[in-house]
Amino acid sequence: MSELFPNIAIVGASGAVGQEAISILESRGHPIDRIDLFGSEQSAGKTVPYLGSSKTISCLADINKHQHDFVILCATGDVARRVRELLLFADTVLIDNSSEFRLDADVPLVIPEVNAHLLNVDTRFVSNPNCSTIMLLAALDPLRNNFGVRSIIVTTYQAVSGAGKAGIDELYSQSQAHLYNEEVSTSVFPCSCAFNVFEHESTLNPETGFNGEETKIIQETRRIWDDPSLSILPTCVRVPVERAHSQSVIVEFDRPVVINEIRHALTQPGLSISNEGHLLTPREVAGSDDVYIGRIRLDPQSEGRRAILWICTDQIRKGAALNAIQIMDKLHIERVLFQNPSSRA
Ligand SMILES: NC(=O)c1ccc[n+]([C@@H]2O[C@H](COP(=O)([O-])OP(=O)(O)OC[C@H]3O[C@@H](n4cnc5c(N)ncnc54)[C@H](OP(=O)(O)O)[C@@H]3O)[C@@H](O)[C@H]2O)c1
């Protein structure tokens, strides 16, 4: 393993998250001979521009012909399961963006700013939380550490790219069809996503009334915070935005707080607080790394115990590709230090 640049494989290189991961590595100058790209048979053989050259996507079946330090999985849960089996005995760390293993007790579910302590030199498989969970907990964790959190009510305004590249294509094709008065066809979403708002398309649980996305936020938040009885009520909504999710969050604390305390607690790397009156939008934050927080208010009826926040985050970046790469960075440092204990000082 190179101390500076590990050998990395990106699985799902043609998709929304895979493309973003490639672009982050490219922006850091990660050498072309230390990155391999994989996809299904559909994209195998296609090329991706990289650092003034190009890189060919290989068929996934070939992944164990190479030796990788890290594999970043940007595909479905089935693919993650298959790669996990293929690389069972390799000394490779898998970081998975799918939801397949997020609730497995032996798989750490990690947001580096929140629970990086779960990562160590023996870690071989890590799950990235759901994009909505990542942005929510990145913002709320410092508040929990300072004031304690009793309950959360969150309403999401989720971009169509949360459903992958096909979601973006559908927004553009439907927008055009609406504007030209043509027939609007749907395949990714249950109804037109252009000029429309609807509850998240994931499967509804008839017993709880929560859809799949809402259930993920509940289960993952409770797991990451190790608080199985936390009161958390999400309502997830799709909006006609290409990229970056927004959330309106009502959070109840264990003790009364004032606005300045909240602002102070949120002054952390990876978080950006908007000035009062600034119009914080998904369009503005698309393409950037931070979790942006604005409109910080207190419920005047709550004696300082309830705050309302507006959060915007590029969910393809911090909600997926960047979070995975931050996990990789932590583990890479752990592994380098383990192999060269003298560099620890
Ligand atoms: N989009 C988001 O905002 C977001 C956020 C958090 C987590 N995630 C998760 O990240 C993962 C990727 O999402 P995405 O949005 O990037 O989806 P996407 O745009 O639909 O891309 C899916 C990728 O998976 C690849 N793939 C499919 N079947 C494959 C196979 N049999 N072998 C190898 N590769 C295969 C596709 O490659 P081909 O083109 O070759 O078929 C494509 O590159 C999903 O698990 C998703 O739930 C997404």
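At what angle do helix H1 and H9 pack, and how far apart are their axes? The legends below take up this pair and other close-up views of a predicted model.

**View 1. Helix H1 against helix H9.** H1 (residues 16-27) packs on H9 at an angle of about 50°. Their axes are 9 Å apart. The two helices are therefore oblique to each other. Their crossing is right-handed. H1 contributes Val17, Glu20, Ala21 and Ile24 to the contact. From H9 come Arg317, Ala320, Ala321, Leu322, Ala324 and Ile325. By class, the contact of H1 with H9 holds eight nonpolar and two charged residues, with no polar ones.

**View 2. Helix H4 crossing helix H9.** H9 (residues 317-339) also meets H4, with axes that come within 8 Å. The crossing angle is roughly 90°, so H4 and H9 are roughly perpendicular to each other. On the H4 side, the contact is made by Cys131, Ile134 and Met135. On the H9 side, Lys318, Gly319, Ala320 and Asn323 take part. The contact of H4 with H9 counts four nonpolar, two polar and one charged residues.

**View 3. Helix H4 against helix H6.** H4 (residues 131-147) and H6 (residues 212-224) pack at about 45°. Their axes lie 9 Å apart. The pair is therefore oblique, and the crossing is right-handed. H4 brings Ser132, Thr133, Leu136 and Leu137 to the contact. Facing them in H6 are Glu213, Lys216, Ile217, Glu220, Thr221 and Ile224. The residues of the contact of H4 with H6 split into four nonpolar, three polar and three charged.

View 4. Val79, Ala80 and Val83 are buried in H2 (residues 77-86). These residues sit on the same side of H2 because they cover an arc of only 100° around the axis. What does the face of H2 turned away from its buried side carry? That face holds the exposed residues Asp78 and Glu85.

**View 5. Val188 in a loop.** Val188 lies in the loop between helix H5 (165-179) and strand S9 (198-199). Val188 counts as partly exposed, because 17 C-beta neighbours are inside 10 Å. Setting aside neighbours within four places in sequence, Val188 contacts Ala163, Ala166, Gly167 and Glu170. Val188 and Gly164 are 24 residues apart along the chain. Their C-alpha atoms are separated by 9.4 Å.

**View 6. Asp226 and its backbone angle.** Most residues other than glycine have a negative phi. Asp226 is not a glycine, yet its phi is positive, about 50°. Asp226 is placed in the loop between H6 and strand S10 (231-238). Is Asp226 buried or exposed? With 8 other C-beta atoms within 10 Å, Asp226 is exposed; the cut-off for exposed is 12 or fewer.

**View 7. Arg295 within a strand.** Arg295 is not a glycine and has a positive phi of about 50°. Where is the place of Arg295? Arg295 belongs to strand S13 (residues 291-298). Arg295 has 15 C-beta neighbours inside 10 Å, so Arg295 counts as partly exposed.

Note on methods
Residues numbered from 1 in each chain as written. Predicted model: local features only at pLDDT ≥ 70, side-chain atom pairs only at ≥ 80, totals over all residues. Buried ≥ 20, exposed ≤ 12 C-beta atoms within 10 Å, placed from the backbone. Helix = DSSP H or I, 4+ residues; strand = E, 2+ residues; numbered from the N terminus. Arc of directions from axis to C-beta. Axes fitted to C-alpha atoms, helices over the stretch in contact; angles between N-to-C directions. Parallel < 35°, antiparallel > 145°, perpendicular 65-115°, else oblique. Left-handed = near helix turned anticlockwise from the far one by under 90°. Contact = placed C-beta atoms within 7 Å. Nonpolar A, V, L, I, M, F, W, Y, C, P; charged D, E, K, R; others polar.
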